[in-house]
Amino acid sequence: MVFILIWITTFKNAYRIDPSIRPRIRVNFLERADHDIFDISFMGLVSQAVIAVIGYSWMYTITRRIKLSLLATLPPILLNILYSGTHTLYAALDVFTWLSYGVIHFISPFFAALWLWLFAPPGVVSVFGWTFGIQNCLGIITHLSFPTAAPWYGDQYGYPLPPGNYSIPGSAAGLVRVDAVLGTHIYQNAFKASPLVFGAFPSLHGAFSCCCFFFIGRYSRKGFFILGFYVLWQWFSTMYLRHHWRIDLLGGLAYSAFAFSMFYRSLGRMDKAYTFGESGGNGWQRLFEGTKLQYAFDGKPDVGYEAVTGTPESGSPLSTIVELDGREEDLEAGRICSSALRPP
């Protein structure tokens, strides 16, 4: 919670920083870097291959799961595919992208936190809050120390890009079309008054969605696919509305992955404690304790989890059997249980 408050306070008061002590605005950097990394050229292909290897190595290091690690190699390919669909404008796409960028973005962390409190092991929602706060603090520090221009800057001021200065107002970019559809000036006025105009890299819109994906995808198979779609939707929306480059979204993913990695072992301990009943029930179970709804989404401990332990008197080796009938949607439970119960 502390980091979230620091991030919000810093963002809201960024305009108070004296421009004379702020760093030079790099209006050309991101566009050049974006094309260098993602264009289909020798340098671009090498860069994308390196990013894919880094993604695989990161995921395999923390999970030791090959198939899941292969998914971490896909972001460069997916970003290029999504980017290819952002060049033609349609009224329907304006509304579709607005829903993700301008509506769901602001409520997704609250829904994710509520879901985690209800259905994830006790303590996970707190870790989510720390991860979310840290990634955003790192993002705002980068925005202030390395100010960069979004795609709308070139659209609005033309090429060659004029030097940036801190008196330039923000722009709603593609959201202007949404204002026209809605018959309002909400987004034009909101972005014009933005306290931090040159904060394109990393994309915190992208980081928000990735953070929600990492946590909910860990505990729900359906959530993995739903939040995976949300990440792709957000990536497409930010590029279509001309608020971010591909490299900004890759940066948001990297910042979120870094913050998530900081607490990965803690999550493993929480999962293990919950699996063996050491930490009590989740929020849903506590909320409906003693009612028929208590185990509506989780099997009862004596049904979903059956522990059979050999007694010293029998001379049989210690053995434990765990059935996962009540947790079939938990992506990590089976792995955690099997690794926890494997004899040394």
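This is a predicted model: local features need pLDDT of at least 70, side-chain atom pairs count only at pLDDT 80 or more; totals for chains, interfaces and linings use all residues.

1. Residues are numbered from 1 along each chain as its sequence is written, and side-chain values use heavy atoms, with hydrogens and water left out.

2. Helix H2 (residues 29-38) and helix H13 (residues 246-262) have axes that come within 8 Å and cross at roughly 80 degrees, which makes H2 roughly perpendicular to H13. Here helices are DSSP runs (H or I, at least four residues) numbered from the N terminus, axes are lines fitted to C-alpha atoms over the stretch in contact, with angles running from 0 to 180 degrees between N-to-C directions, and roughly perpendicular covers 65 to 115 degrees.

3. On the H2 side, Leu-30, Ala-33, Asp-34, His-35, Ile-37 and Phe-38 meet Arg-246, Ile-247, Asp-248 and Leu-250 of H13, contact meaning heavy atoms within 4.5 Å. The residues of this contact divide into six nonpolar, one polar and three charged, where Asp, Glu, Lys and Arg count as charged, Ala, Val, Leu, Ile, Met, Phe, Trp, Tyr, Cys and Pro as nonpolar, and the others as polar.

4. A salt bridge (a side-chain nitrogen of Lys or Arg within 4 Å of a carboxyl oxygen of Asp or Glu) is found five times by this rule. One of them joins Asp-34 to Arg-246, with the closest N and O atoms 2.8 Å apart; Asp-34 lies in H2 and Arg-246 in H13, so the pair ties together parts that are 212 residues apart in sequence. Both residues are buried, that is, under 20% relative accessible area with a 1.4 Å probe and protein chains only, and Asp-34, Asp-39 and Arg-246 are linked in a network of salt bridges.

5. In helix H9 (residues 175-182), Leu-175, Val-178 and Asp-179 are buried, and they line one face of the helix because, seen down its axis, they fall within an arc of 105 degrees, taken from the directions from the helix axis to the C-beta atoms. These buried residues pack against helix H6 (91-119) and helix H10 (186-192).

6. Arg-177 and Asp-94 also meet in a salt bridge (3.0 Å, N to O), linking H9 with H6 across 83 residues.

Technical notes
Helices (H or I, at least four residues) and strands (E, at least two) are DSSP runs, numbered from the N terminus. Angles under 35 degrees count as roughly parallel, over 145 as roughly antiparallel, 65 to 115 as roughly perpendicular and the rest as oblique. Buried means under 20% relative accessible area, exposed over 50%, partly exposed in between (1.4 Å probe, protein chains only).
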